[in-house]
Amino acid sequence: MNAPVHAGTAPPPEPPATDLARGLAPAEAAARLARYGPNALAEQTTSAFERLVHYFWAPIPWMIEAAAILSAVLGDWPDFAIIMTMLLVNAGVDYWQERKAGSAIEALKARLAPTARVLRDGQWQTLPARDLVPGDVVALRIGDIAPADIRLAEGEYLAADESALTGESLPVDKAVGDLAYSGAVIKQGEMTGIVAATGMHTYFGKTAQLVQSADARSHFQRAVLNIGNFLILTTIALVALILLVALFRHTPFWQTLKFCLILTVAAIPVALPTVLSVTMAVGAERLARMKAIVSRLVSIEELAGVDVLCADKTGTLTRNELTVGEPRPAAGTDATELVRAARVASHADDPDAIDAAIIAAAAANGEAATDDFEITRFVPFDPVSKRTEATARRDGRTWQFSKGAPQVVLDLVDLAMPARAAVDAEVDALAAQGYRAIGVAARDGAAPWAFLGLIPLFDPPREDAAATIASAREMGLAVKMITGDHEAIARQISGQLGLGANIVAADRLFDGAAPGAIAARIEAADGVARVLPEHKFEIVRTLQSHDHIVAMTGDGVNDAPALKQADAGIAVSAATDAARAAADVVLTGTGLSVITAAVQEARRIFERMTSYATFRIAETIRVLLFMTLSILVFDFYPVTAIMIVLLALLNDFPIMMIAFDAAEVAPRPLRWNMRRVLGVATAIGLMGVAETFLLFWFVDEVLHLPRETIQTIIFLKLLVAGHLTIYVTRNPRWFWNRPWPAARLFWTCEATQVIGTLVAVYGLFVTPIGWTYALGVWAFALAWLPVESAIAIAVRKHVAHAAATA
């Protein structure tokens with residue numbers, strides 16, 4: 001068996017010609033896969049050793065390692081053991097979180113893996129694109145992304161968008177013998193070709209280093225990371241102040257330095273970005289189970305904030321199950337002849353929804369799929385021509401058949417008035433009943449085209465659509481139906497769904513009015529009809545310019561710009577490769593309920609991220625400010641270095657569980673509110689500082705306990721009260737209200753609190769305090785818990801009131 005060809009070697013020659021009628025045999029395909037390797041770009045991977053080294057070779061690990069070395073030099077071996085344990089646990093936590101996020105992202109990539117229609121052993125089948133080999137016969141149609149470099153062999157024409165590869169802004173026309181490059185988006189036409197090169201040997205593979213995708217950060221991530229940077233600078237400044245004061249007080253320098261290093265590690269929110277990534281990755285897994293696959297994790301935040309949902313009628317609000325109504329033949333034509341002509345103008349091998357409905361109707365009339373016509377040429381539907389055309393032979397004569405939008409077919413046959421007006425009136429009458437009309441025409445040889453009549457099509461609303469729309473409105477979502485159909489059809493469907501009857505035609509919407517007026521029309525409309533792809537883009541951009549966060553659904557290649565522009569672009573289940581590539585969310589299920597369920601889950605994820613950010617900021621303020629003031633004002637180190645290490649260790653485990661916490665669905669769209677997060681975190685943090693100083697005063701001035709015992713009491717108070725703070729930050733109401741903490745979070749919090757209590761009671765690495773003082777600390781922390789909850793609620797209400805009156 002030959003070894004696969006690797007990047008950097010000479011590209012293999014194009015394989016010998018393949019039988020276009022049969023394609024490759026499975027055995028030959030397997031042999032070529034072994035020879036050429038998978039059809040995938042080489043990815044830069046990090047070895048396990050490199051990842052391991054990373055956990056110990058970075059600024060934060062350096063601080064921990066320096067503290068450990070100082071402990072060893074000073075002979076503090078218990079401290080050395082605990083600090084090394086902290087180093088290993090931090091590395092383990094980082095590894096677990098990175099692995100969790102990485103596994104989730106890989107699973108999502110697998111669900112979004114591209115596929116290709118391949119002819120193998122005479123059978124057309126859909127295969128993963130990575131399984132393609134040189135010599136495979138592949139079909140390309142509008143909306144596909146070329147899965148490899150393909151030498152075109154059969155078909156009328158193809159127009160491919162190669163802008164991502166060549167910079168050419170206009171689609172490039174292709175003919176038999178031309179090469180369709182890997183990654184090119186098929187804009188028009190349909191052709192069959194033979195794979196010429198795969199993987200790193202494609203044009204795309206050779207230039208892959210020029211195509212870099214930035215790791216975009218959402219508004220939420222940028223805001224939280226800015227807070228994290230602020231806290232880092234504050235921590236370093238305060239720790240430097242502690243070190244400076246210690247020098248003036250002639251405190252042992254090396255012991256102070258070790259304490260400052262450990263305090264810095266414990267106070268800096270180093271896990272902030274990782275926890276956010278894991279929270280989004282775990283949430284993305286849940287969304288995938290709901291049949292909504294997130295292609296960019298950061299889009300979860302945007303999905304949580306969506307307040308306008310522009311939903312495609314077909315497939316989202318309706319079943320996407322077209323049925324043929326009573327045919328309306330023109331004078332001199334009967335219904336059988338009309339349906340037969342429409343069937344011949346349909347793609348029997350790879351039908352779209354309209355083709356499938358017409359073929360099914362013809363079969364119901366007892367007609368064979370091909371009848372006695374031999375198809376010699378077929379031009380598929382595309383958004384520009386808006387019709388299909390088939391050339392066929394029968395009894396030695398050549399016929400042409402076409403079906404498509406009534407206006408286009410009427411232009412084709414050049415139907416004169418008043419006959420054309422009568423057809424237009426019939427189209428309007430069908431639309432008023434909810435039917436979409438398809439025009440059919442034919443011609444015999446060189447004779448003029450003749451209009452054969454109209455075929456009504458009906459796509460009934462989904463059973464759950466009306467209830468789901470009502471639910472979406474209760475969630476604060478304005479649902480607007482977007483359709484290319486006539487206003488009358490849109491109004492009929494809209495009425496059945498309870499959306500309203502204010503349907504606006506897109507051409508009248510964008511009539512040159514001021515942007516503000518257009519935005520007001522869109523906001524007031526229940527739906528937009530006669531929508532072209534460029535209208536979708538303008539609808540999204542106009543709404544965004546008026547402070548809306550917009551979700552847009554789409555399925556076609558020409559929907560890609562609107563999906564890219566939308567805050568949350570949603571590719572529906574039957575979307576083309578081009579639409580899926582442009583979207584933030586790819587649906588694998590049908591219906592509006594999938595979208596609303598995804599929005600609900602995104603809001604839960606957003607709440608988890610907000611909860612963690614608030615908790616981490618509050619804890620940094622609580623610990624760092626209390627430590628600094630105690631040292632500066634009372635010349636007293638309230639906890640030892642080993643206690644700080646234990647606090648950091650025991651805090652790591654609940655933090656890992658926040659991603660799995662239960663969270664409520666916010667009743668309105670969510671946006672990042674910096675004032676609310678900082679306000680709640682600062683209030684809780686300052687309250688924690690006041691509580692701890694009150695406890696310090698009581699045990700020092702009233703109970704007159706030894707300073708070593710006081711240090712253990714303060715350690716236990718910081719641990720117990722800190723973990724209880726999670727219950728305050730995770731719930732916008734009283735901490736005892738639903739939703740209650742998830743079992744993982746609750747039991748992890750309580751287990752670490754119990755471990756810390758046992759350490760304090762029995763004096764493991766600390767001065768023992770016994771059960772009496774330990775239970776007293778628990779009572780003290782629990783007594784302050786409702787006070788903290790009340791303060792958090794008051795701050796949230798104040799911020800909300802200030803925002804409402806601003």
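Author: A residue counts as buried here when its relative accessible area is under 20%. By that cut-off, buried residues make up 52% of the 806 residues in the chain of this predicted model. The chain holds 28 helices and 22 strands.

Reader: What makes Glu788 buried or exposed?

Author: Glu788 has a relative accessibility of 3%. The cut-off for buried is under 20%, so Glu788 counts as buried. Glu788 sits in helix α28, residues 770–805. Leaving aside neighbours within four places in sequence, Glu788 is in contact with Arg622, Ile684, Met687, Glu691, Thr725 and Val728.

Reader: How do you know that Glu788 is in contact with Thr725 and Val728?

Author: Contact calls for heavy atoms within 4.5 Å, and Thr725 and Val728 are among the residues that pass for Glu788. The three also turn up where helix α26 meets α28: Thr725 and Val728 on the α26 side, Glu788 on the α28 side.

Reader: What describes the way α26 and α28 cross?

Author: Two packed helices are described by the angle between their axes and the distance between the axes. For α26 (residues 707–729) and α28, the axes come within 9 Å and cross at roughly 35 degrees. The crossing is right-handed. The α26 side of the contact includes Ile713, Leu716 and Val720, while α28 brings, among others, Trp778, Phe780 and Leu785. By class, the contact has 15 nonpolar, three polar and three charged residues.

Reader: Why is the crossing of α23 and α25 given a hand, and which one?

Author: A crossing is right-handed if the near helix is turned clockwise from the far one by less than a right angle. The crossing of α23 and α25 is right-handed. The angle is roughly 40 degrees, with the axes of α23 (residues 592–634) and α25 (residues 674–702) coming within 8 Å. That contact has 16 nonpolar, seven polar and two charged residues.

Reader: Why are β8 and β18 said to stand at the edges of their sheet?

Author: The order of this open, eight-stranded sheet is β8-β22-β21-β20-β9-β17-β19-β18, with mixed pairing. β8 (292–294) and β18 (503–505) each have a single partner strand, so one side of each is left without a neighbour in the sheet. Neighbouring strands are turned by 20 degrees against each other on average, direction ignored.

Reader: What makes β8 and β22 a pair?

Author: A pair needs at least two bridges. β8 and β22 (residues 585–587) have three, in the antiparallel sense, so they qualify. Ile293 stands opposite Val586 in β22.

Reader: Which strands of that sheet does α23 touch?

Author: Helix α23 packs on the sheet and touches β8, β9 (308–312), β20 (550–554), β21 (568–571) and β22. The direction of α23 makes about 155 degrees with that of β9.

Reader: Back to pairing: how do you know that β17 pairs with β19, and in which sense?

Author: The threshold is at least two bridges, and β17 and β19 (residues 527–529) have two, so the pair counts. They pair in the parallel sense, with Gly527 in β19 as the bridge partner of Met481. β9 and β17 also run parallel, joined by five bridges; Leu309 stands opposite Val479 there.

Reader: What makes β17 mostly covered?

Author: Four of the five residues in β17 (residues 478–482) are buried.

Reader: Why is β7 called largely enclosed?

Author: Twelve of the 13 residues of β7 (residues 185–197) are buried, so β7 is largely enclosed by the rest of the structure. β4 (residues 149–161) pairs with β7 in the antiparallel sense over ten bridges, and Ile150 has Val195 in β7 as its bridge partner. β3 (residues 137–141) also runs antiparallel to β7, with five bridges. Leu140 stands opposite Met191 in β7.

Reader: How do you know what span to expect for α8?

Author: The expected span is 1.5 Å times one less than the number of residues. For α8 (residues 253–267), which has 15 residues, that gives 21 Å, and the helix reaches 21 Å from its first C-alpha to its last. The buried residues of α8 include Phe259, Leu261 and Val265.

Reader: Which residues of α1 are buried?

Author: In α1 (residues 26–36), they are Ala29, Arg32, Ala34 and Tyr36. What covers them includes β1 (115–120). Gly37 follows α1, with a positive phi near 85 degrees.

Terms used: Residues numbered from 1 in each chain as written. Predicted model: local features only at pLDDT ≥ 70, side-chain atom pairs only at ≥ 80, totals over all residues. Heavy atoms only, no water. Axes fitted to C-alpha atoms, helices over the stretch in contact; angles between N-to-C directions. Nonpolar A, V, L, I, M, F, W, Y, C, P; charged D, E, K, R; others polar. Buried < 20%, exposed > 50% of the residue type's maximum accessible area, 1.4 Å probe, protein only.
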